[in-house]
Amino acid sequence: MNDVVRPVMQDAVAAAPTRVDGRDKVTGRARYAVEHPVEDVVWAWPVTSTVAKGRVTEIDASEANGTEGVIAVLTHANAPRLGETDDAELQLLQSDRVAYRGQVCALVVGETVESARAGADAVRVRYDEAEHDVVLDARHPAMFTPEKVNPGFPTDTSIGDPDTAFAVAAVQLDATYTTPTEHNHAMEPHATTASWGADGTLTLYDSNQGSTGVARVMADLFGLQVRAVHVISEHVGGGFGSKGTPRPNIVLAAMAAQAVGRPVRLALGRQHMFSLVGYRTPTIQRLRLGATTDGVLRSLVHDVWEQTSTLDDFAEQTAVISRMLYAAPARRTTHRLVRLDVPTPSWMRAPGEAPGSFALESAMDELAAACDLDPVELRVRNEPDVDPESGKPFSSRNLVACLREGARRFGWEQRDPTPGVRRDGRWLVGTGVASSTYPARTAPSQARMSIGSDGVVTVELNAVDIGTGSRTALTQIAAEAMDLPTDRVRLRIGDSTLPPAMIAGGSMGLTSWGSAIVKGARQLRELVGRRDGAIPEDGLEVTADTAEEVRAVSGYARHAFGAQFCEVRVDADTGEVRVPRLLGVFAVGRVINARTARSQLVGGMTMGLSMALHEEGVVDVQHGDNVNHDLAGYHIAAHADVADVDAMWLEEHDEHLNLVGAKGIGEIGIVGTAAAVANAVHHATGVRVRDLPIRVDRLLGRG
Amino acid sequence: MARMSLDLTVNGERRKVDVDTRTTVLDLLREQLGLTGSKKGCDHGQCGACTVLVAGRRVLGCLVLAVTLEGAEVTTVEGLADGDDLHPVQRAFLDADAFQCGYCTPGQLCSAVGMLREVGEGWPSVVTPPGATVSVSSLGPDEVRERMSGNLCRCGAYVNIVPAVLAARR
Ligand code: FES
Ligand code: FES
């Protein structure tokens with residue numbers, strides 16, 4: 001185990017470089033997917049199904065075709081045929097089948113965005129409607145055991161005899177928690193500008209989290225060589241998982257451009273983003289914790305039920321967090337899935353850990369109360385020596401240090417555990433804690449590095465900056481690895497013709513890209529060294545590939561950890577919940593840029609707060625999909641919802657991770673937040689809310 | 001389709017444009033004038049990414065038809081800086097890392113500029129105690145949060161935006 005030295009904060013943040021692309025972003029110069037100037041460009045707008053299941057029997061496009069400015073109406077009858085890929089959601093306009101409400105059934109291309117939308121309004125679609133099934137229920141007769149859970153974890157795991165251990169445990173907690181459908185909603189909608197060259201090449205300005213894979217999929221769909229597809233993603237307005245693979249926008253834009261022989265822009269409307277770009281599945285989670293009277297877990301069972309579509313099986317890895325967070329000699333995790341007439345769920349920030357931690361960390365809070373133990377102390381008592389399922393040692397595990405440091409900074413020690421007894425005027429006040437964790441992984445990436453005779457180093461790899469600050473941090477990593485000031489480094493990212501690299505996802509972007517750069521820098525310096533520092537006129541170049549390092553089996557379990565502390569105030573009359581304080585203390589390996597790292601952690605925690613209190617896709621039982629279809633109906637935390645959210649981290653040196661020594665920080669911030677809020681709400685009010693979000697109606701009349 | 005021509009000033013420059021009567025200010029700026037700094041987050045008045053200033057007041061570009069702007073003075077994020085000299089709000093956003101992806105940022109910036117002016121003119125907000133007067137110098141974080149709540153940030157940069165706005169008060 002590696003040593004924790006001291007929390008690093010304010011000074012580090014102040015000393016860290018500001019974003020290299022910051023000036024472009026505050027002046028409006030940064031260009032996103034549909035903002036690059038393109039000659040002769042036209043617009044496309046999708047028409048989506050109004051029924052949840054059935055067949056399209058007729059599409060009457062006569063009025064649309066007669067609408068001024070409309071150039072084409074594509075439907076399953078006339079759209080270009082697509083090649084196969086393993087994402088059925090991308091087989092757009094290929095058949096008359098309707099698998100969910102909000103699925104694309106036509107695409108209108110117009111001279112302007114106004115004419116495309118007017119044309120879309122004029123398209124008449126008739127359906128042969130079938131009865132739909134859109135409600136997730138743990139007892140659904142079609143529940144099945146998926147082959148694996150995202151991205152490749154075993155579906156179920158079991159050690160020992162958890163049922164017997166639970167039955168004989170002195171303290172038993174058996175509770176069911178639910179989380180609703182949640183939507184990513186990056187502020188930049190999924191958007192693409194597509195143009196075909198005379199030579200059959202396809203150029204795409206696209207909003208995604210990594211265009212290496214996007215180019216490959218597009219090549220397969222359109223029957224092209226990968227090198228004939230060029231995807232450019234200079235600036236991306238957020239993704240949170242929903243832009244990790246190509247989504248309908250890019251396919252539709254390319255189809256439309258092919259059909260009309262002109263470049264096409266397509267930016268999905270906000271309403272489209274409720275059905276077309278993935279979302280987090282609702283979950284039903286049953287937790288059974290059996291413990292000794294002094295709070296030591298003897299049995300831990302986490303059973304999960306969730307949904308997918310009839311098109312594709314996506315099984316969120318919700319219970320995976322319960323495989324490694326705490327020790328327990330007997331344990332089991334299961335995932336069951338049902339195919340409903342709904343859009344296919346997909347990645348949303350910390351898939352698995354985000355909803356899973358709500359259940360597990362709420363249950364731990366309930367267990368602490370049942371054992372009459374402080375919730376921090378309960379967690380400390382269940383700290384495992386090794387990864388409980390694999391038996392591997394942790395490369396570093398500083399959960400306890402995070403809990404202790406957080407408790408100290410938050411003022412946890414003075415806490416009276418009695419729920420519902422602190423009142424400040426009309427406000428009931430309470431505090432809560434939860435653990436955070438996320439896997440620390442790395443994926444193969446390549447980087448091309450060259451040095452010119454002027455000593456300037458050029459770094460090229462297909463990384464992308466979706467707001468995480470990677471452009472800044474990678475410049476720093478390259479400068480450090482080359483032992484040069486940052487102004488001697490040129491970084492090129494966001495272009496599929498650059499060396500292939502990992503997506504900005506799974507908290508693996510920086511660790512994967514940074515490792516390729518560090519390796520490349522070593523090779524380049526060696527090359528320069530062999531020539532005694534003499535750099536030829538046309539420079540020197542290397543390409544590093546980390547595939548080998550990454551694939552080497554590690555003897556360690558590698559995870560980031562953290563602890564989140566929350567204070568809530570609940571209006572005793574209205575049930576309104578306010579969060580005056582949220583503090584996260586994390587142990588995430590090496591932090592490259594404290595300024596952007598803090599922003600990312602705080603951003604994740606803010607999304608977690610939003611998950612706790614606001615976000616809920618309400619199932620439309622009658623018509624399918626969600627009732628709430630815009631940002632007024634689906635509230636995400638706004639300025640007034642967010643007060644003091646702060647994140648800090650412990651200095652952590654971990655040599656068993658990757659060449660950067662970092663664990664990745666994009667996701668851990670959202671893990672545990674909702675439980676910390678719910679636990680604080682219980683402390684404030686005495687009401688245990690086991691269903692997210694913590695709505696007013698769930699608090700009132702139950703205290 | 002009905003079209004109209006109109007004269008307006010954008011970032012200090014007189015522009016004569018011919019617009020589809022359905023065109024919003026946001027689409028006029030982005031698609032016709034090449035000013036893509038103003039962002040389209042929802043096209044529905046619910047996110048604030050399209051916030052621009054008309055005669056110094058905040059408006060949602062996606063909810064205003066271009067044809068209503070005859071003779072108007074429009075300022076977008078591209079017009080905030082004075083050449084290479086950033087506006088104090090832009091500078092403060094950079095220093096405080098008050099953004100991540102940057103997509104909500106132009107709206108936040110224009111909104112902050114307009115909001116500070118509203119405060120300077122003594123406009124109260126929901127959180128202003130009854131009878132109290134507000135001023136730019138006495139503005140606190142709660143007032144900023146309330147007044148900026150029309151500008152969503154999915155990256156969750158709020159806790160950096162509020163101090164940036166406060167730091168930018170001249
Ligand atoms: S784009 Fe205008 S408010 Fe969202
Ligand atoms: S910076 Fe990304 S939405 Fe605000």
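## Extent of the interface

In this predicted model, 60 residues of chain A are in contact with 51 residues of chain B. The two chains bury about 4400 Å² between them, and carbon and sulfur atoms give 53% of that area. Of the area that chain A buries against chain B, 20% is supplied by Val26(A), Met187(A) and His639(A), more than by any other three residues.

## Polar and charged pairs across the interface

The interface of chain A and chain B has 29 residue pairs in polar contact, both residues being at pLDDT 80 or more. Three helices of chain A, H2 (22–27), H4 (113–122) and H14 (594–613), each supply at least two residues of the side that touches chain B. The largest share of that side comes from H14(A), with ten residues. Sorted by class, the side of chain A that touches chain B consists of 25 nonpolar, 20 polar and 15 charged residues.

Five salt bridges are counted between chain A and chain B. In the salt bridge of Arg19(A) with Asp97(B), the closest N and O atoms are 2.6 Å apart.

## A five-stranded sheet in chain A

Chain A contains an open sheet of five strands in the order E10-E18-E17-E16-E11, with mixed pairing. Its edge strands are E10 (157–159) and E11 (171–179) of chain A, each of which pairs on one side only. On average, neighbouring strands of this sheet are turned by 10° against each other, direction ignored.

Strands E17 (residues 297–308) and E18 (residues 330–339) of chain A run parallel and are joined by ten bridges. Within this pairing, Gln307(A) stands opposite Val338(A) in E18(A). Helix H8 (residues 353–370) of chain A packs on the sheet and touches E11, E16 (283–291) and E17 of chain A. The direction of H8 makes about 150° with that of E11(A).

## Salt bridges in the whole structure

Over all chains, the structure holds 57 salt bridges. One of them joins Lys243(A) to Glu188(A), with the closest N and O atoms 3.6 Å apart. Lys243(A) lies in the loop between strand E14 (229–232) and helix H7 (248–260) of chain A, whereas Glu188(A) lies in the loop between E11 and strand E12 (191–196) of chain A, so the pair ties together parts that are 55 residues apart in sequence. Side chains of opposite charge can pair when their charged atoms come close.

Note on methods:
Residues are numbered from 1 along each chain as its sequence is written. Chains are lettered from A and ligands numbered from 1 in the order in which they are written. This is a predicted model: local features need pLDDT of at least 70, side-chain atom pairs count only at pLDDT 80 or more; totals for chains, interfaces and linings use all residues. Side-chain values use heavy atoms; hydrogens and water are left out. Contact means heavy atoms within 4.5 Å. Buried area is the accessible area (1.4 Å probe) that two parts lose on being put together, summed over both. A salt bridge is a side-chain nitrogen of Lys or Arg within 4 Å of a carboxyl oxygen of Asp or Glu. A polar contact is a pair of N or O atoms within 3.5 Å; within protein, one must be able to donate a hydrogen and the other to accept it, and residues adjacent in sequence count only if both atoms are side-chain atoms. Helices (H or I, at least four residues) and strands (E, at least two) are DSSP runs, numbered from the N terminus. Ala, Val, Leu, Ile, Met, Phe, Trp, Tyr, Cys and Pro count as nonpolar, Asp, Glu, Lys and Arg as charged, and the others, Gly among them, as polar. Two strands pair if DSSP finds at least two bridges between them. Axes are lines fitted to C-alpha atoms, for helices over the stretch in contact, and angles run from 0 to 180 degrees between N-to-C directions.
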